[in-house]
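Me: I would like to learn how to read salt bridges in a structure. Could you take me through a case?

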Amino acid sequence: MDQVKFTAKHIVLAKFKEGVEEGEIERLIRDYADLRNHIEQIRSFEWGTDVSIENLHQGFTHVFETTFQTLEDRSVYVDHPAHVQFRTAFLHIAEKIVVIDYVPRPEQ
């Protein structure tokens, strides 16, 4: 029997403070992506901006997705000094964030 690949996803939705320069957001995104070079538990990182036509974003403009092999790896990431330092900078320019961690389940 094939072993099922287990993953854990860490999703962050961000609404940035009014007046935050685009350059600050771009720098934040580069720093977020750079965490892969400091935290070996990160399997992948993707991000994007809202392109929905439903206009239900409630001011959240950016989505960040970090993938880990296990929930334990996600926990190492959350407590890692590089992430803690990054999180402080992120919270400085974010008006609101939503964080959801989940384990993808196959279609039933």
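This is a predicted model: local features need pLDDT of at least 70, side-chain atom pairs count only at pLDDT 80 or more; totals for chains, interfaces and linings use all residues.

Reply: A salt bridge joins the side chains of Arg74 and Asp101, with N to O at 2.9 Å. Arg74 belongs to helix 2 (residues 71–79) and Asp101 to strand 4, so the pair links distant parts of the chain, 27 residues apart.

Me: What is the general idea behind such a pair?

Reply: Side chains of opposite charge can pair when their charged atoms come close.

Me: How many salt bridges does the count come to?

Reply: The count is three salt bridges. One of them is between Lys9 and Glu65, at 3.5 Å from N to O. Lys9 lies in strand 1 (residues 8–16) and Glu65 in strand 3 (residues 62–68); the two are 56 residues apart, and the pair links distant parts of the chain. Both Lys9 and Glu65 are buried.

Me: Which residue forms a salt bridge with Glu95?

Reply: Lys15 does, and the closest N and O atoms of Lys15 and Glu95 are 3.5 Å apart. This pair also links distant parts of the chain: Lys15 is in strand 1, Glu95 is in strand 4 (residues 94–102), and 80 residues separate them.

Terms used:
Residues are numbered from 1 along each chain as its sequence is written. Side-chain values use heavy atoms; hydrogens and water are left out. A salt bridge is a side-chain nitrogen of Lys or Arg within 4 Å of a carboxyl oxygen of Asp or Glu. Helices (H or I, at least four residues) and strands (E, at least two) are DSSP runs, numbered from the N terminus. Buried means under 20% relative accessible area, exposed over 50%, partly exposed in between (1.4 Å probe, protein chains only).
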